[in-house]
Amino acid sequence: MDVIQGTGTSPGIASGPLFFYRHPVFQAGYKKVSDPEKELARYETARKAVAARYEELYEHTLKVSGEEEAQIFQIHGMMLDDDDFSGFITDMIHTQSVSAESAVFAAASHLEQMLKESGDDYITERSADVKEIVTALLETLSGKVKIQQMPDRPVILYADELSPSETVNFDHDKILGLMTLHGSGNSHSAILARSMGIPAVSGLEKAPAKSLAGKTVIVNGNNGTIYTDPDDSTTARFTAEKDNALREKKELQLLVGQPDRTLDGHEIELFANIGNQAEIRDVLENDAGGIGLFRSEFLYLGRTSYPDEEILFSAYRTAAEGMHGKKVIIRTIDIGADKKADYFGLPGEDNPAMGMRAIRICLTRPELFKTQLRAILRASVFGNLAVMFPMIISPGEIRKAKAILSEAERELAAKQTVFNEHIETGIMIETPAAAIMSDILAKECDFFSIGTNDLTQYTLAIDRQNPELADFLDTHHPAVLRLIETTVRNAHREGIKAGICGELAADPELTETFVKMGVDELSVAPSAILPLRRRIRSLNISVAQIKAGS
C-alpha cells in the first residue's frame with residue numbers, strides 16, 4: 001500500500017479500480033502558408049463552432065448543476081473573443097502568414113505564461129481553461145476529435161488535470177472519484193466535481209504508478225489522502241467510515257420538519273449561507289428556515305466583465321421563487337480583500353482587508369451599486385427578499401446606501417416596474433466600530449447580521465488568511481463574544497433582530513452561548529443545518545438565563 005497526499009477539493013470518500021485518463025494531444029509547429037486570408041477564414045469558422053459548443057455545454061450544465069457551474073462555459077466563450085487571445089491569433093496569421101494551428105498554439109503559450117506570472121492562485125488556475133479552449137480549437141481545425149475509450153465499469157479516474165468540458169461530459173455513473181496531479185479547489189473541474197457530489201483530490205505530491213491501473217484506490221476528498229492498493233485493514237476502516245457517514249446522514253434526515261427549539265421551549269431560526277442560486281436545492285434538502293446570506297459577489301467573480309442587470313435579476317428571481325416565500329437576505333457586493341475581480345480595476349493596496357472593499361466600492365461607484373439594487377428590487381416581487389449592506393461602520397454609510405436604494409426605486413417607478421416598496425434593509429456587523437456603535441446603527445435599519453469571520457480578524461488584529469497566525473487566532477476570545485453580546489442586546493432594545501452568519505454560527509461549542517445571548521438566527525452552510533438543529537434540540541436552558549434585552 002502507498003499513501004499519496006494531496007488537497008481535498010470535493011468532499012466524500014470513494015473506492016474503486018484506478019483508471020488513467022489520457023488527454024488528447026495536439027502539436028502544431030511554426031508552419032508558413034501562402035494564403036493567410038484562407039487561414040483567417042478557417043480560424044473564424046473554428047472559433048464560431050467552438051463557441052456554439054460552449055453554448056450547448058452552458059445550457060446542459062445549467063440544467064444539471066446550476067448557474068455558477070454553467071458560467072464556466074460562458075467564460076470560455078468570452079475568452080474566445082478576448083483580444084489577448086483571439087486578437088493575438090488573427091494578428092499572427094495576418095502579419096506572419098502562418099497556419100491557424102500555429103497561431104492558436106503560439107497564443108496558448110503566450111497566454112498561459114501571462115497567467116502563471118500573475119502570482120494569483122485563482123488566475124493561475126485559469127491556465128487549464130486556456131488548454132481546454134486550445135484543444136477544442138485544434139480538434140475543430142483538424143477535423144479529428146480524439147476521445148479515449150472509457151471503461152464500462154465505475155472507476156476512480158486519474159489525470160494530470162481535467163478540463164471543465166471533460167469533467168462535465170464524463171458519464172457520471174462511471175466516475176466514483178477524481179484524482180488530479182495539478183489543480184486546486186479554485187479550479188473549474190473541482191467546482192464541477194463538488195456540484196456533482198464526486199469526491200476529488202487535486203495537487204497530488206506524485207502521480208500513481210501506471211502499474212496500478214485497474215487496482216483498488218481509496219480517495220478521501222475530506223482530507224486529500226489517496227491510498228493505492230490499500231491493505232485489508234485500511235479498506236475495512238474506510239468502509240466503516242463510509243457506513244458511519246451514511247448512518248449519520250439518515251439519522252439527521254429524521255430532523256427534517258422538526259422545530260429549532262430547545263428542550264425548554266426556546267426557539268432560534270436556522271438559515272443557510274449560499275454563494276449562488278444553484279445551492280438552493282441544498283438549502284431545501286437540509287430544511288433551512290431561509291437564506292440568511294446570499295453572497296452576491298460570487299455572481300461577479302470568475303468573470304471578465306461586470307454582470308448586467310438581467311443576469312443579476314435572473315439569479316435573484318430564481319432564489320426568491322425557489323425558496324417559496326421563505327426569506328432570502330442578499331448581501332450587496334462584497335468584492336475586495338481576498339475576493340478579487342480584475343475588471344473592477346481596484347488599486348494595489350498594502351492592506352486590502354482594510355482598504356477599498358464592499359460598501360466602500362458601492363458608495364464610490366453608485367451606478368454599479370444601483371445596477372445591483374435595481375435587480376434585487378425587481379426580483380423582490382417574486383418572493384421574500386431583503387437587502388443587507390456589508391462592512392458598515394457608521395450611520396452615515398447606512399443613510400448613503402439607503403439613499404442610493406431610493407434612487408433605484410425611483411428609476412424603476414418611472415418605468416412603471418413593480419417592486420416591493422417596503423423591502424427590509426439590514427447591515428453586517430463586522431468591525432469593533434460597528435459593534436460598539438450598534439445601539440445607534442440599530443435605529444437606521446431593520447436587522448443585524450454579525451459576520452464573525454471579519455469581526456474576529458479586526459478585533460484581534462490577526463489576518464485570518466495567514467496560516468502562520470492560526471495558533472494566535474482564538475475565535476472564542478472573550479472580546480469577540482462580548483462584542484456579539486453587545487450587538488444582540490442593542491438590536492433588541494431597538495426592536496430589531498440580530499443573527500450570526502459567520503463561521504462561529506456553526507460552532508457547536510458556542511451554540512448554547514448564542515442561545516443564552518438571545519441570538520435570533522444562525523445562518524450556516526446548508527450541510528450544517530441539521531447537525532446544528534440536533535445540537536439546539538439537546539439544550540435545556542431556563543428562560544431566566546436568556547440575556548436578550550436585559
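How many disulfides does the structure hold? The structure holds 0 disulfides (pairs of cysteine sulfur atoms within 2.5 Å). The model is predicted: local features need pLDDT of at least 70 and side-chain atom pairs pLDDT 80 or more, while totals for chains, interfaces and linings use all residues. Residues are numbered from 1 along each chain as its sequence is written, and side-chain values use heavy atoms, without hydrogens or water.

View 1. Buried means under 20% relative accessible area, exposed over 50% and partly exposed in between, with a 1.4 Å probe and protein chains only. Of the 550 residues in the protein chain, 51% are buried.

**View 2. An open sheet of 8 strands with mixed pairing.** The strand order is β1-β8-β7-β3-β4-β5-β6-β2. β1 (2–5) and β2 (7–10) are the edge strands, each with a single partner, so one side of each has no neighbour in the sheet. On average, neighbouring strands are turned by 30° against each other, direction ignored. Strands (E, at least two residues) and helices (H or I, at least four) are DSSP runs numbered from the N terminus; two strands pair if DSSP finds at least two bridges between them.

**View 3. Parallel pairing of β4 and β5.** Strand β4 (residues 155–159) and strand β5 (residues 175–180) are joined over 5 bridges. L157 has L178 in β5 as its bridge partner.

**View 4. Helix α9 (residues 232–253) across β3 (13–20), β7 (216–220) and β8 (225–228).** The helix runs at about 45° to β7. Axes are lines fitted to C-alpha atoms, for helices over the stretch in contact (heavy atoms within 4.5 Å), and angles run from 0 to 180 degrees between N-to-C directions.

**View 5. The salt bridge between D287 and R533.** The closest N and O atoms are 2.7 Å apart. D287 lies in the loop between α10 (280–285) and β10 (291–295) and R533 in helix α20 (residues 529–537), so the pair ties together parts 246 residues apart in sequence. Both residues are buried. A salt bridge is a side-chain nitrogen of Lys or Arg within 4 Å of a carboxyl oxygen of Asp or Glu.

**View 6. The salt bridge between R374 and E411.** R374 lies in helix α13 (residues 366–379) and E411 in helix α14 (residues 395–414). R374 is buried at 14% relative accessibility, whereas E411 is partly exposed at 28%. Salt bridges that share partners join E309, E310, E367, K370, R374, R378, E407 and E411 into one network.
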